[in-house]
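User: I am new to reading protein models. Please take me through this one by question and answer.

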Amino acid sequence: MAPSNSPPSPAASAAHPYESLTPDVVLDALAALDLHGDGRLTALNSYENRVYQVHLEDRSAVVVKFYRPGRWSDEQILEEHGFALELAAAEVPAVPPIAVAGRTLHHHGGFAFSVSPYRGGRGPELDDFEVLEWVGRFLARIHAVGARTPFVTRPALDLQTFGLASRDWLLGHQMVPLDVQREWEAACNTAFEMIAASALGTGHDGDNDPPLKRLRLHGDVHPGNILWTPTDRPDGGPHFVDLDDARTGFAVQDLWMLLSGDRAQQTGQLSGLLDGYEQFRDFDRRELALVEPLRTLRLIHYSAWLARRWEDPIFPINFPWFGSSDYWKGQIQMLQDQCEAMAEEPLYA
C-alpha cells in the first residue's frame with residue numbers, strides 16, 4: 001500500500017518484481033555461471049537492491065547483488081563496476097565484482113546481477129582518531145582514482161537531481177498530505193534558494209575564485225558502507241563496499257556523512273579524517289561550506305526515495321512511520337533547522 005494520506009501508485013496493485021526473486025532463482029542464477037551453492041543463503045541488509053551471501057560447494061562464499069529493476073541502465077552499472085575495478089587495481093580496499101566469463105554484469109530471470117567476493121568486518125569506531133585518519137587516507141585514494149576520468153552515464157549529485165526533482169516528484173504524485181503540503185513546499189523552496197546561492201549551486205565560492213572541482217565519488221560513505229577488520233590480520237583496516245550510489249560530485253560528499261554529534265564533535269571527527277586525507281591528496285577547504293547544503297538535499301531526497309519505493313513490500317514493513325501528516329511536519333521542522341544551519345559559519349578543521 002502507499003503512504004497514508006496518499007493514493008497508491010499505479011504499480012502498487014501489481015506484484016513487485018522482487019517477489020519473484022526466490023532462493024531457487026538466486027541459486028539458479030549462480031549455477032548459470034558455474035558457481036554452485038551448497039544451499040546456505042543469507043539475505044544481507046539492503047533496501048535498494050537485493051543482496052545475498054551464498055556459500056558455494058567449494059567452501060568459499062560470495063555476495064550476489066540483484067539490481068533493482070529500472071533504477072540503473074546496464075551502461076550505468078558497468079560504469080560502477082569499472083570504477084570499482086580501477087580502485088582495486090590501485091590497491092584501494094574497495095570490493096569489486098568478480099568477472100565470470102569475462103563479464104561482471106549478468107542477467108537471469110529478468111534481473112541484472114553481479115557477484116563479489118565475501119568480505120566480513122564490523123563497523124568502524126569513528127570516535128577513534130586513528131580510525132578516522134585511516135579512513136581519511138583511503139577516501140583520498142578513492143578520490144585520486146575518481147579524479148582521473150569522468151563518469152559518462154552516471155548522474156551528478158546536485159540541486160537538480162537530489163532537490164528539485166525530488167520535490168517535484170513528491171508534489172506531482174500527491175505524496176505530501178494537503179494539510180501540510182504548502183508549508184513543506186515553502187520550506188523546500190527556501191532551502192533551495194539558499195543552496196542555489198551557495199557553491200553547491202554556483203560551483204564557485206566567490207566571484208574571483210576558481211570553480212570547485214567535481215570528480216567520481218563513492219557517493220554514499222556512511223558507517224554501514226565501511227567494514228573494518230582487525231589490523232593484526234592481512235589487509236586489516238577499513239574496506240569500502242556498495243558503490244551503487246557512485247555519482248559525480250564534490251569530494252566533501254564522501255566525508256560529511258561520517259560526522260555526527262554537536263559542532264565540537266564534528267570538528268574533531270573532521271580533523272581526523274582530513275589529517276589522513278591530506279597525506280595523499282589536497283582537500284579544498286571551501287568545500288566545507290557544502291556540508292549543510294548536502295545534508296539538506298539528502299533529507300529531501302530520502303523522502304522521495306521512500307515514496308518512490310513504496311510499492312516494494314519491504315518498505316511499508318520497515319518504514320511504517322512514513323507518509324503521515326506527523327512525518328511531514330517533522331520534515332518541515334528539519335528543513336527549517338537546516339536553513340538555520342546553512343546560514344551559520346561552516347565547519348572548519
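User: What should I know before reading, and what pLDDT does the protein chain average?

Analyst: This is a predicted model, where local features need pLDDT of at least 70, side-chain atom pairs count only at pLDDT 80 or more, and totals for chains, interfaces and linings use all residues. Residues are numbered from 1 along each chain as its sequence is written, and side-chain values use heavy atoms, with hydrogens and water left out. pLDDT is the predictor's confidence in each residue, from 0 to 100. Here 95% of the residues score at least 70, and the chain average is 92.

User: How far does helix H2 reach from its first C-alpha to its last?

Analyst: Helices (H or I, at least four residues) and strands (E, at least two) are DSSP runs, numbered from the N terminus. H2 spans residues 74-89, which is 16 residues. The expected span is 1.5 Å times one less than the number of residues. That gives an expected 22 Å, and the helix comes close to it, at 22 Å.

User: Which elements do the buried residues of H2 pack against?

Analyst: Buried means under 20% relative accessible area, exposed over 50%, and partly exposed in between (1.4 Å probe, protein chains only). The buried residues of H2 include Ile77, Phe83 and Leu87. Their partners are strands E3 (61-66), E5 (111-117) and E6 (215-216), along with helix H3 (129-146).

User: Why does Asp312 count as buried?

Analyst: Asp312 sits in the loop between helices H9 (291-308) and H10 (314-318). Leaving out residues up to four places away in sequence, Asp312 touches His16, Tyr18, Tyr47, Arg50 and Arg68. Asp312 counts as buried because its relative accessibility is 0%.

User: How far apart in space are Tyr277 and Val135?

Analyst: Tyr277 belongs to helix H8 (residues 263-277). It is buried, with a relative accessible area of 0%. Tyr277 and Val135 are 142 residues apart in sequence. C-alpha to C-alpha, the distance in space is 8.0 Å.

User: How much space lies in the largest cavity?

Analyst: On a 1 Å grid over the protein atoms alone, a cavity is a set of points where a 1.4 Å probe fits but cannot get out; a pocket is an open set with protein on both sides within 12 Å along at least five of seven lines; lining residues have an atom within 4 Å of a point. Grid points are joined across faces, edges and corners, and a volume is the space filled by probe spheres set on the points. The largest cavity is lined by Leu157, Leu200, Gly249, Phe250, Gln253 and Leu294. Its space is about 40 Å³.

User: Which element gives the largest share of the lining of the largest pocket?

Analyst: About 1200 Å³ of space lies in this pocket. Of its 40 lining residues, the closest to the centre are Asn45, Ser46, His222, Asn225 and Asp242. E3, H2, E5 and H9 each supply at least two lining residues. The largest share, 4 residues, comes from H9.

User: Which elements give two or more residues to the lining of the second largest pocket?

Analyst: The second largest pocket holds about 430 Å³. It is lined by 20 residues, with Glu48, Arg71, Trp305, Arg308 and Arg309 nearest its centre. The elements are helix H4 (159-172) and H9.

Key:
Contact means heavy atoms within 4.5 Å.
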